[in-house]
Amino acid sequence: MTARAAVLVATLLVASTAGAQAEAKPTPQRVHCVCDISQEFTFYMDGRFFRQYLEGHGEDARNWGSLAELDLANTNLLVLAGGDRRLPYSDASLRTVDAFLAGGGAVLVLLDGKDSPGNAILRRHGAASTDVDAGTKPHSTKTLQVLVGANNVAIENRPGNLLEVDLEWSGLVTDQGGRPLLAQRAVGKGRLLASSRGLFGSNPDASDPINAAWITPLLLHATQSKSVDAKRAHSSTWAEDTQQLGPLTLEYHDGTAPFAAAIAKEYELVRPHLVAITGVEPAAGMIKKLLVLPTGGGGFSSGERIAIGAWWGDYPSNRYAMIELIGHEAGHSWVLPYPEPLWNEPIATYLGIQVGLRLGMKEAQETLDRQIKQARRHDPKFDRQNALADDAHRDLVWGKSYFVFDELERRHGPGALAKYFRTKREVLQPGRDSYSFDDLVAVWSRAVDKDLFPWFQSLAFDVKPERTNVPLTR
Ligand SMILES: [Zn+2]
């Protein structure tokens, strides 16, 4: 193509797009977006995708249940993750995505690599992600510039893997050799977009570039062929399957069902150990639900619900990591409603480690020893650095916490932690609005019937008995 012909083509494209925009002008494009969390638990779980790209242009919802059962009638954008190889997209899910496209919806698939299950969606339509790194600085194509109405579209990113596409696709972002990183095609009345994950940023806090300047207009364009009704509900969908395990409701979907059964068994094994270690049942109203997440990346706890990554630590190959995680997340439900100052996270993991020790897992002692050793690099005798200081190193806080728990058990055991947890339940009555480290030392003192302020002070903790209203003795 000559330079003049290229300019002419570009001009025609601009003219036709400008015409379409003029017609669509009276009502601004409204987007009802669903971010799928069911195939892969990502940091988009909290509505972040919508806030980053579409705030002010419509509504957001997320899908935690089987994709095949999702009602997409009043949705015009579906955002899918590449997924995990342990959880392929089911045939029924692929049909749901195709039907949504046929009816005018836009689907955005973010992925990197040949093994990503999300390729199953793309392969049906002549594209796939490759394992070839983009390598050079990517740039925008004329097509993208026309779609987003800008001549100079700056592409900022952590380059990802290139796509392989057939002739139906248009490259929107390519490497220097013209090979696509982001491409789109029409499917039925709708639009399918495939992109390297890196173009959308990789940090939860968007501290690396997320390219919102041109992705927002691109998404507004892609969703034009399906209008949605602002007055009708477009709400998030929860994991649809449940199983009752005594007082606990296990939550999962068809794809995570096989993992749910295994995790439920581990939880039932862990729970009585937590009761034995803490000497109490979980706090009232806590730990009613256990959600199985499609990820190896961890879990979370809201107290009432704990969520566990189905293949955390490469479970089931490595069982200890799962026991420790369940102990940790469940452990938060024993600690609440008054979180531990300073060591709320360390004490949760310490509970998980203690369960591992009781189950005879060698990794438990190794984990404990490793963390204490790392802390000793900062404070060899644990008598110099105030772990409560704002600039205390994370390794010091964690390892010193473990050391303190072990020492309290050695000096005031057996069952020192159980004495502490029972006393904490007794002393902290409803209505109390804070729990400070001075309060904590007082509760410990009361639990073991000895003033522990001098001992904590000897370990360089800045604590004072006059700053607490918890009586040190019974
Ligand atoms: Zn935690």
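## An enclosed strand

Strand S4 is covered on both faces. Ala 106, Leu 108 and Leu 110 are buried on one side. Val 107, Val 109 and Leu 111 are buried on the other. Six of the six residues of S4 (residues 106–111) are buried, so the strand is largely enclosed by the rest of the structure. The model is a predicted one.

Strand S3 (residues 77–81) is joined to S4 by five bridges, and the two run parallel. Val 79 has Leu 108 in S4 as its bridge partner. Strands of a sheet pair through backbone hydrogen bonds, parallel or antiparallel.

## The nonpolar core

The largest nonpolar core holds 126 residues. Six of them touch the most other members: Val 107, Leu 108, Val 109, Leu 219, Val 292 and Ile 308. Helix H8 (residues 319–335) gives the most to this core, with nine residues. Domain 1 (3–222) and domain 2 (241–467) both contribute residues, so the core lies between them.

What does Val 107 touch, leaving out residues up to four places away in sequence? Its contacts are Leu 78, Leu 80, Val 97, Phe 100, Leu 101, Leu 192 and Leu 193.

## Overall build and domains

The protein has 474 residues, and 46% of them count as buried. It contains 14 helices and 15 strands. Its C-alpha atoms fill a box of roughly 90 × 45 × 45 Å along the principal axes. Take the contacts between residues at least 6 apart in sequence: 68% of these join residues at least 24 apart.

There are two domains in the division, domain 1 (3–222) and domain 2 (241–467). Their C-alpha centres lie 41 Å apart. The contact between them takes 10 residues from domain 1 and nine residues from domain 2.

Leu 250 has Leu 290 in S13 as its bridge partner.

## Crossing helices

How do helices H7 and H9 meet? The axes of H7 (residues 257–278) and H9 (residues 344–358) come within 10 Å and cross at roughly 110°. That angle makes H7 roughly perpendicular to H9. On the H7 side, the residues that meet H9 are Val 270, His 273, Leu 274 and Ile 277. Their counterparts in H9 are Leu 351, Gln 354, Val 355 and Arg 358.

Val 275 is also found in H7. Is Val 275 buried, partly exposed or exposed? It has 14 other C-beta atoms within 10 Å and is partly exposed. The buried class needs 20 or more such neighbours, and the exposed class 12 or fewer.

## Backbone exceptions in the loops

Most residues other than glycine have a negative phi, and most peptide bonds are trans. The peptide bond from Tyr 315 to Pro 316 is cis, with omega near 5°. Pro 316 sits in the loop between S15 and H8. A cis peptide bond also joins Leu 336 and Pro 337, where omega is about 10°. Pro 337 belongs to the loop between H8 and H9.

Asp 314 has a positive phi, near 65°. Its place is in the loop between S15 and H8. Asp 314 has 11 C-beta neighbours inside 10 Å, so it counts as exposed. Ala 206 has a positive phi too, near 55°. This residue lies in the loop between strand S10 (190–196) and helix H6 (212–222). Ala 206 is partly exposed, with 15 other C-beta atoms within 10 Å.

Note on methods. Residues are numbered from 1 along each chain as its sequence is written. This is a predicted model: local features need pLDDT of at least 70, side-chain atom pairs count only at pLDDT 80 or more; totals for chains, interfaces and linings use all residues. A nonpolar core is a set of buried Ala, Val, Leu, Ile, Met, Phe, Trp, Tyr and Cys residues joined through C-beta atoms within 7 Å. Helices (H or I, at least four residues) and strands (E, at least two) are DSSP runs, numbered from the N terminus. Domain bounds come from an automatic or database domain assignment. Two residues are in contact if their C-beta atoms, placed from the backbone, lie within 7 Å. Two strands pair if DSSP finds at least two bridges between them. Axes are lines fitted to C-alpha atoms, for helices over the stretch in contact, and angles run from 0 to 180 degrees between N-to-C directions. Angles under 35 degrees count as roughly parallel, over 145 as roughly antiparallel, 65 to 115 as roughly perpendicular and the rest as oblique.
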